[in-house]
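Please look over the sequence and the model shown here. The paragraphs after it go through a few places in turn.

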Amino acid sequence: MRLALAEARRAGDCGDVPVGAVVLGPSGTVIGTGRNDRERTADPTGHAEIVAMRAAASALGTWRLTGCTLVVTLEPCTMCAGAAVQARLDRIVYGAVDLKGGAVGSLWDVVRDRRLNHRPEVVAEILADECGELLIEFFAHRRVG
């Protein structure tokens with residue numbers, strides 16, 4: 001999660017919402033990193049999770065991320081939760097809960113929907129306070145400035 005937090009800080013430094021992600025391969029090594037980059041790229045899919053999953057898939061040479069873990073500072077949204085299911089990730093580890101748009105247990109629970117053919121394990125609220133504080137600070141500065 002500390003690596004994902006470092007990515008989140010980089011996103012915030014670039015003016016994007018500070019969310020960071022890493023994908024760990026089956027052996028536990030980092031095979032993909034990402035941070036929100038929607039502002040820089042003008043890409044609505046530029047969420048940290050998507051960027052990290054793309055990097056991991058490229059590193060592995062396959063879209064199937066079986067055996068891999070997505071670690072992200074904020075609970076994934078519906079798009080990112082759906083992509084994690086489609087990528088066949090084994091697990092999702094996240095920090096701060098997203099009560100307004102989270103799709104891994106808070107507002108929706110896409111990844112545990114029994115109608116889907118794959119359901120990753122979920123580990124929630126790892127370093128949640130630290131992950132949430134980055135977001136709180138970011139939005140407080142945007143409202144003032």
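Leaving aside neighbours within four places in sequence, Pro44 is in contact (heavy atoms within 4.5 Å) with Arg38 and Met79. This is a predicted model, in which local features need pLDDT of at least 70, side-chain atom pairs count only at pLDDT 80 or more, and totals for chains, interfaces and linings use all residues. Residues are numbered from 1 along each chain as its sequence is written, and side-chain values use heavy atoms, with hydrogens and water left out.

Pro44 sits in the loop between α2 (38–41) and α3. Helices (H or I, at least four residues) and strands (E, at least two) are DSSP runs, numbered from the N terminus. Pro44 counts as exposed because its relative accessibility is 62%; exposed means over 50% relative accessible area, buried under 20%, and partly exposed in between, with a 1.4 Å probe and protein chains only. Between the C-alpha atoms of Pro44 and Ala103, which are 59 residues apart along the chain, the separation is 17 Å.

Next comes helix α4, which spans residues 78–86 and has Cys80, Ala81, Ala84 and Val85 buried. Seen down the axis of α4, these buried residues fall within an arc of 140°, so they line one face of the helix. The arc is that of the directions from the helix axis to the C-beta atoms. The cover over the buried residues of α4 includes α3 (48–60) and β4 (91–96). After α4 comes Arg88, with a positive phi near 65°.

What does the largest nonpolar core contain? It has 41 residues, and those with the most contacts inside it are Met1, Val19, Val23, Met53, Leu65, Leu89 and Val111. Such a core is a set of buried Ala, Val, Leu, Ile, Met, Phe, Trp, Tyr and Cys residues joined through side-chain atoms within 4.5 Å. At least two residues of this core come from each of α1 (2–13), β1 (20–24), α3, β3, α4, β4 and α5 (128–144). The largest share, six residues, is supplied by α3. Beyond four places in sequence, Leu89 has contacts that include Val23, Met53, Leu65, Thr69 and Ala84.

Thr69 belongs to strand β3 (residues 69–74). Is Thr69 buried or exposed? Thr69 counts as buried because its relative accessibility is 8%. The side chains of Thr69 and Arg91 are joined by a polar contact of 2.6 Å. A polar contact is a pair of N or O atoms within 3.5 Å; within protein, one must be able to donate a hydrogen and the other to accept it, and residues adjacent in sequence count only if both atoms are side-chain atoms. Not counting residues up to four places away in sequence, Thr69 touches Val22, Val23, Leu24, Leu89, Arg91 and Val93.
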